[in-house]
Amino acid sequence: MKKLIAGNWKMNGGLEANEALLRGIAGGLGQPACAVAVAVPAVYLAQVQGLLQGSLVQLAAQDVSAHDAGAYTGEVSAAMLRDFGVRYTLVGHSERRQYHGETDALVAAKAQKALNAGITPIVCVGETLAQREAGETEAVVRRQLAAVIHQVGQCVSELVVAYEPVWAIGTGKTATPEQAQQVHAVLRAQLAAATTQAAKVPVLYGGSMSAANAAELLAQPDIGGGLIGGASLKPQDFLKIIESAQ
């Protein structure tokens with residue numbers, strides 16, 4: 001299974017900055033051994049679609065609506081994302097769950113809408129520090145993933161899953177490779193119980209992966225790539241992570 005390195009720009013960017021960043025990435029990308037994507041703010045989808053023409057970098061969105069169309073001001077539907085050539089979309093990122101109150105059921109509905117439009121959802125799961133300290137990590141991530149598996153049925157093998165320990169996002173803290181591998185193994189077993197094609201599903205690590213720790217994390221048997229935050233805004237760091245994903 002080819003690994004996937006997906007950069008999540010979060011609420012960062014600008015017309016000039018986006019062009020400079022992607023020029024820097026394209027200049028050093030070569031022929032990567034992994035798939036590469038960037039998840040950009042919705043207002044920049046059109047610009048980045050143009051900048052990625054002819055590139056091996058694929059376009060991703062940071063969110064998608066659970067609705068097809070209608071009176072949902074500010075929302076962006078899966079069909080709209082498809083119009084801009086979006087290949088992937090994040091669903092259930094911890095910041096959406098925390099700041100926007102997204103439930104497991106809503107995340108599952110968004111994943112289904114993405115799949116219906118031919119877009120691969122990157123389903124984010126992960127525990128808070130309090131949940132980890134209470135020994136609830138496995139129960140939390142299994143519950144979050146189970147909601148999506150139940151919703152999408154036979155399409156489980158078309159998902160990407162990203163484990164992002166909430167306590168390690170933007171904090172500079174990182175799960176040790178052993179801690180990350182333990183949770184990835186749980187998620188892979190859960191996928192294997194749901195589909196005979198579980199081996200097709202990349203399970204990414206998304207907790208402050210950096211140029212310095214990427215190789216060790218990506219060497220773990222069940223870590224199938226990375227969901228990269230801050231480091232994806234720095235061309236050389238992002239390229240180093242991509243280089244580590246053999």
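## Largest pocket

In this predicted model, the largest pocket holds about 710 Å³ of space. Its lining consists of 27 residues. Nearest the centre lie Ala 42, Gln 62, Asp 63, Arg 96 and His 100. Two elements give two or more residues each to this lining: helix H4 (94–100) and helix H5 (104–116). H4 gives the most, with four residues.

By class, the lining of the largest pocket splits into 13 nonpolar, seven polar and seven charged residues.

## Second largest pocket

The second largest pocket has a volume of about 240 Å³. It is lined by 21 residues. Those closest to its centre are Lys 10, Ser 208, Ile 228, Gly 229 and Gly 230. The lining comprises eight nonpolar, nine polar and four charged residues.

Lys 10 has a positive phi of about 55 degrees, although Lys 10 is not a glycine. Lys 10 sits in the loop between S1 and H1. Ser 208 is also a non-glycine residue with positive phi, near 60 degrees. Ser 208 belongs to the loop between strand S7 (203–205) and H9. Its relative accessible area is 22%, so Ser 208 counts as partly exposed, the cut-off for buried being under 20%.

## Packing of H7 on H8

Two packed helices are described by the angle between their axes and the distance between the axes. Helix H7 (residues 137–152) and helix H8 (residues 177–194) meet at an angle of about 35 degrees, and their axes are 10 Å apart. The crossing of H7 past H8 is right-handed.

From H7, the contact uses Thr 137, Glu 138, Val 141, Arg 142, Leu 145, Ala 146 and Ile 149. From H8, it uses Gln 182, Val 183, Val 186, Leu 187, Gln 190, Leu 191 and Ala 194. Sorted by class, this contact has nine nonpolar, three polar and two charged residues.

## Helix H10 and strand S2

Which residues of helix H10 (residues 235–244) are buried? They are Phe 238, Leu 239, Ile 241, Ile 242 and Ser 244. The buried residues of H10 pack against several elements: strand S1 (4–8), helix H1 (15–29), S2, helix H9 (214–218) and strand S8 (225–228).

Ala 37 lies in strand S2 (residues 35–40). With a relative accessible area of 1%, Ala 37 is buried. Beyond residues up to four places away in sequence, Ala 37 touches Leu 4, Ile 5, Ala 6, Gly 7, Val 57, Gln 58, Tyr 88 and Phe 238. Phe 238 is itself one of the buried residues of H10. Ala 37 and Gly 27 are 10 residues apart in sequence, and their C-alpha atoms are 15 Å apart in space.

## Strand S6

Is Ala 162 buried or exposed? Its relative accessibility is 0%, so Ala 162 counts as buried. Ala 162 is part of strand S6 (residues 160–163). Residues up to four places away aside, its contacts are Ile 122, Val 123, Cys 124, Val 125, Leu 204 and Leu 227.

Ala 162 and Ala 105 are 57 residues apart along the chain. Their C-alpha atoms are separated by 17 Å.

## Two loop residues

Ala 66 occupies the loop between strand S3 (57–61) and H3. Its relative accessible area is 16%, so Ala 66 is buried. Leaving aside neighbours within four places in sequence, Ala 66 contacts Glu 75, Leu 106, Ala 109, Lys 110 and Lys 113. Among them, Leu 106 is 40 residues away in sequence, with a C-alpha to C-alpha distance of 7.0 Å.

Phe 84 is placed in the loop between helix H3 (78–83) and strand S4 (88–91). At 33% relative accessibility, Phe 84 counts as partly exposed. Outside four places in sequence, Phe 84 is in contact with Leu 45, Ala 46, Gln 49 and Leu 59. Phe 84 and Leu 106 are 22 residues apart along the chain, and their C-alpha atoms are separated by 24 Å.

Notes
Residues numbered from 1 in each chain as written. Predicted model: local features only at pLDDT ≥ 70, side-chain atom pairs only at ≥ 80, totals over all residues. Heavy atoms only, no water. Axes fitted to C-alpha atoms, helices over the stretch in contact; angles between N-to-C directions. Left-handed = near helix turned anticlockwise from the far one by under 90°. Contact = heavy atoms within 4.5 Å. Nonpolar A, V, L, I, M, F, W, Y, C, P; charged D, E, K, R; others polar. Buried < 20%, exposed > 50% of the residue type's maximum accessible area, 1.4 Å probe, protein only. 1 Å grid on protein atoms, 1.4 Å probe; cavity = no way out; pocket = protein on both sides within 12 Å on 5 of 7 lines; lining within 4 Å. Points joined across faces, edges and corners; volume = space filled by probe spheres on them.
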